[in-house]
Amino acid sequence: MLFNLPDHETLYRALIERDARFDGQAFVCVSSTGIFCRLTCPARKPLSENCVFRASIGECIEAGFRPCKRCRPMQAAAADDPVVKGLLEALDGRPDRRWTERHVVDMGYDLSTVRRSFKRHFGMTFLEIARQRRLREGFETLAEGGKVVTAQHEAGFDSASAFRAAFARILGCAPGDLSRDGLFRASWIATPLGDMIAVASSTHLHLLEFIDRGALPGELKRLRAAARGSIGLGRTGPTEQVAAELGAFFAGCSARFEVPLHQEGSTFAQEVWSELRAIPAGQTRSYGQIAQAIGKPSAVRAVARANGANTIALVVPCHRVIGADGALTGYGGGLWRKQRLLEIERQYGAERRDAGMGAGAKAPHPSA
């Protein structure tokens, strides 16, 4: 089931304060105008008695409301921000450029506006995203067997030490520390919500994380220890499979992930991760509901810890767990990303409802 909305007063206060915690989880239908908005809409605020809060865009449309032209609730907020859109298009056109603040100013943008927009939508600045893109070029050069110095230049770093430091911040080790014939292989996967690192053996996916996740270096360190330092670069069968499944997910074609997984963890953690995979796309659960489902109703905090310890993002959908009051809660990939993932998955939930899942219908795959 979809999560029950908080009470009217809580949501109206969130609307007045433009509180992003409920953005994408609740929408406001304004009876005096006939439109519906995100709770973070910058438009003038309606009176409380003119507001009805609904959990999905579909419910708002079915009730006869049309989308607001200011906050555009049917579009991703980032895609509708002209500052973000313009600079990302410029970055796509010149991914090799060593972007600086001067380049941004020369394009006519205000630096403080750019910083606010990118931090709000992506949790990082435009220059950080540009540096990340350059580092991807170096990573892929190494994965193809290129030398470190070649990868350094492909990534646009003048200094070898700066390249090694930037590489180590993400992978937790210098390029030269990676094995040429590792038991595990690390690969860089680009997605619309940011680049990810996948680590897989020839048979299983062991890790999938957004590269800006703070815990990533520590997670990779533990994997290197498990593999006795034998981690290299490149793709395996499971990596190719999850890349294709991620592509289908973001293209709106399928929320099904069938790549074989291997996660090290306690029996309790394994139970939690299995229950996460049983949450259908387009639905959410609270930590308490997960605890109830695995037969340990008092283990809510332990469930939260296991949820946070998940190292296979999206495939093991820890982003589908929200607060007991319906608010977005902590997510290692960033709350902005969690919000967007839930918005993307609403379409899969809507498709399931439209299909009518009657008595004779086939039940969805646990991770669908």
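**Reading a predicted model**

Analyst: Arg213 lies in the loop between β7 and α9 (216-226); helices (H or I, at least four residues) and strands (E, at least two) are DSSP runs, numbered from the N terminus. This is a predicted model, in which local features need pLDDT of at least 70 and side-chain atom pairs count only at pLDDT 80 or more, while totals for chains, interfaces and linings use all residues. Residues are numbered from 1 along each chain as its sequence is written, and side-chain values use heavy atoms, with hydrogens and water left out.

User: Does Arg213 count as buried or exposed?

Analyst: The classes rest on relative accessible area: buried is under 20%, exposed is over 50%, and partly exposed lies in between, with a 1.4 Å probe and protein chains only. Arg213 has 12% relative accessibility, so it counts as buried. In the protein chain, 51% of the 368 residues are buried.

User: Which residues is Arg213 in contact with, leaving aside its neighbours within four places in sequence?

Analyst: Contact means heavy atoms within 4.5 Å. With neighbours within four places set aside, Arg213 touches Glu219, Gly308, Asn310 and Gly332. For the protein chain, among contacts between residues at least 6 apart in sequence, 61% join residues at least 24 apart.

User: What is the order of strands in the open sheet of four?

Analyst: The order is β3-β1-β2-β4, with mixed pairing. Its edge strands are β3 (51-54) and β4 (66-67), each of which pairs on one side only. Helix α1 (residues 8-17) packs on this sheet and touches β1 (27-30), β2 and β3, its direction making about 100° with that of β3. Strand β2 (residues 35-38) and β4 run parallel and are joined by two bridges; Ile35 stands opposite Arg66 in β4.

User: How is the packing of α6 and α8 described?

Analyst: Two packed helices are described by the angle between their axes and the distance between the axes. Axes are lines fitted to C-alpha atoms, for helices over the stretch in contact, and angles run from 0 to 180 degrees between N-to-C directions. The axes of α6 (residues 126-143) and α8 (residues 160-171) come within 11 Å and cross at roughly 85°. That makes α6 roughly perpendicular to α8, on a scale where under 35 degrees is roughly parallel, over 145 roughly antiparallel, 65 to 115 roughly perpendicular and the rest oblique. Leu135, Gly138, Phe139 and Leu142 of α6 meet Phe163, Ala166, Phe167, Ile170 and Leu171 of α8. By class, this contact has eight nonpolar, one polar and no charged residues; Ala, Val, Leu, Ile, Met, Phe, Trp, Tyr, Cys and Pro count as nonpolar, Asp, Glu, Lys and Arg as charged, and the others, Gly among them, as polar.

User: Where is Glu271 placed?

Analyst: Glu271 is in helix α11 (residues 267-277). Its relative accessibility of 30% makes Glu271 partly exposed. Apart from neighbours within four places in sequence, Glu271 contacts Ile294 and Lys296.

Note on methods:
Pairing = 2+ DSSP bridges.
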